[in-house]
2 protein chains.
Amino acid sequence: MSTSGTAAIQNLYPDDLAHCFGCGRNNPHGHHLKSYVEGEDVVARFTPESQYVSLPGFVYGGLLASLVDCHATATAAAADLAASGDKNDRPVPRYVTAALRVEYLKPTALGAELEIRGRVKEQSERKKVVDLTVSVAGTVTVRAEAVAVRIPRNMERPGG
Amino acid sequence: MSTSGTAAIQNLYPDDLAHCFGCGRNNPHGHHLKSYVEGEDVVARFTPESQYVSLPGFVYGGLLASLVDCHATATAAAADLAASGDKNDRPVPRYVTAALRVEYLKPTALGAELEIRGRVKEQSERKKVVDLTVSVAGTVTVRAEAVAVRIPRNMERPGG
């Protein structure tokens with residue numbers, strides 16, 4: 001996968017499709033996850049606030065699922081961006097998640113920075129299967145797989 | 001499954017294990033999901049606030065994953081409660097999610113009440129497999145399966 005400079009994938013989403021609670025720059029309340037192409041992978045780093053707790057000392061599993069979900073759609077979009085030769089002659093495609101599988105391998109300590117890493121393992125023009133991990137301090141605590149699909153064109157430009 | 005009166009399952013969790021962002025009564029910032037035994041199922045109802053958006057008009061998939069995750073562990077605990085004859089002679093068991101699979105069958109409209117429904121389909125003393133759905137206005141929009149496992153006894157009573 002080629003790189004697309006230093007821009008976060010989510011910063012390339014069209015303005016009217018950038019409200020997602022997990023990763024939309026236009027959602028004032030959300031997590032604002034930012035995913036970057038790094039070599040063959042797409043990587044995001046995120047430090048959960050203390051309220052995102054499950055059992056004392058550990059990150060809430062729902063947040064972990066949320067982060068891999070948003071990161072998967074960004075990873076899918078990044079693959080299309082790379083395939084297009086990074087030409088900015090069309091909007092970055094917006095994917096949604098059709099299916100998500102998350103394995104919580106071990107508890108994820110709360111308080112440290114998480115590294116979320118994604119890679120497309122199967123792809124067609126409108127569908128990508130993405131493998132993901134979440135690590136803390138170099139240890140993988142979560143593995144996930146997401147099936148991301150392009151949103152229908154008539155949803156890409158509401159009213160357009 | 002027998003009923004356990006009108007108490008939400010999460011209200012029966014021990015105080016020191018009730019901080020979960022999704023369903024803990026002791027988390028002032030969280031969703032406070034409440035799950036109730038209704039006949040053979042365990043049911044929760046939840047209306048997401050407008051900030052939990054994905055694409056405009058639809059519920060954020062990360063929230064949907066979070067809700068089924070917490071509801072699955074409550075459904076697992078409810079099964080143990082029913083098996084014990086609802087005798088309140090021991091703490092309600094606390095489960096965590098080992099694996100979660102979510103299928104987003106169709107977009108979930110934002111603004112209406114969601115119904116989250118769970119049922120244990122396989123169980124042993126320390127592990128439950130839970131089938132789940134999320135519906136809005138009577139239409140199932142999400143199907144999920146969770147593997148919930150009892151937390152290790154040495155995590156149940158920190159320091160105890």
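1. The side chains of Glu115(A) and Arg45(A) meet in a salt bridge, with N to O at 3.2 Å, where a salt bridge is a side-chain nitrogen of Lys or Arg within 4 Å of a carboxyl oxygen of Asp or Glu. Glu115(A) lies in strand β4 of chain A and Arg45(A) in strand β2 of chain A, so the pair ties together parts that are 70 residues apart in sequence. Glu115(A) is partly exposed at a relative accessible area of 23%, and Arg45(A) is partly exposed at 38%; here buried means under 20% relative accessible area, exposed means over 50%, and partly exposed lies in between, with a 1.4 Å probe and protein chains only.

2. Before going further, please keep in mind that this is a predicted model, in which local features need pLDDT of at least 70 and side-chain atom pairs count only at pLDDT 80 or more, while totals for chains, interfaces and linings use all residues. Residues are numbered from 1 along each chain as its sequence is written, chains are lettered from A and ligands numbered from 1 in the order in which they are written, and side-chain values use heavy atoms, with hydrogens and water left out.

3. A second salt bridge joins Asp41(A) to Arg119(A), and the closest N and O atoms of the two are 2.6 Å apart. This pair links distant parts of the chain, since Asp41(A) is in strand β2 (residues 41-46) of chain A and Arg119(A) is in strand β4 (residues 114-123) of chain A, 78 residues apart. Asp41(A) is buried, with a relative accessible area of 9%, whereas Arg119(A) counts as partly exposed at 43%.

4. Which residues are linked in a network of salt bridges? They are Glu38(A), Asp41(A), Arg45(A), Glu115(A), Arg117(A) and Arg119(A). Apart from that list, Arg101(A) forms a salt bridge with Glu103(A), with the closest N and O atoms 2.7 Å apart; Arg101(A) is partly exposed at 32% relative accessibility, and Glu103(A) is partly exposed at 31%. Over all chains, the structure holds 24 salt bridges.

5. As for the overall plan, the secondary structure of chain A comes to two helices and six strands, and from the N terminus on its elements run β-β-α-β-β-β-β-α. Helices (H or I, at least four residues) and strands (E, at least two) are DSSP runs, numbered from the N terminus. Of the 160 residues of chain A, 54% count as buried. Among the contacts in chain A with a separation of 6 or more, 63% come from residues 24 or more positions apart, a contact being heavy atoms within 4.5 Å.

6. The helix α1(A) has 23 residues, and at 1.5 Å a residue these should span 33 Å, which agrees with its end C-alpha atoms being 33 Å apart; the expected span is 1.5 Å times one less than the number of residues. This helix is mostly covered, as 22 of its 23 residues are buried. Just after α1(A), Gly85(A) takes a positive phi of about 75°.

7. Is Arg94(A) buried or exposed? Arg94(A), which sits in the loop between α1 (61-83) and β3 (95-104) of chain A, is buried yet has no salt bridge, and the nearest side chain of opposite charge, Asp69(A), is 8.1 Å away. For charge, Lys and Arg count as positive and Asp and Glu as negative, while His and the chain ends are not counted. The side chain of Arg94(A) does reach the backbone oxygen of Leu17(A) at 2.8 Å. Not counting residues up to four places away in sequence, the residues that Arg94(A) touches include Tyr13(A), Cys20(A), Thr73(A) and, from chain B, Leu55(B).

8. In chain B, His71(B) is found in helix α1 (residues 61-83) and counts as buried at 0% relative accessibility. A polar atom of the side chain of His71(B) lies 3.4 Å from the backbone nitrogen of Gly118(B). Leaving aside neighbours within four places in sequence, the contacts of His71(B) include Leu33(B), Val42(B), Ile116(B) and Leu132(B).

9. Finally, how are the two chains related? A rotation of 180° with 0.0 Å of shift along its axis superposes chain B on chain A, at an RMSD of 0.0 Å, and that is the relation of a two-fold axis; copies are superposed by least squares on the C-alpha atoms of residues with pLDDT of at least 70 in both. In chain B, the C-alpha nearest the axis is that of Arg101(B), 2.1 Å from it. The same surface serves both copies, as 100% of the contact residues of chain B recur in chain A.

Key
A polar contact is a pair of N or O atoms within 3.5 Å; within protein, one must be able to donate a hydrogen and the other to accept it, and residues adjacent in sequence count only if both atoms are side-chain atoms.
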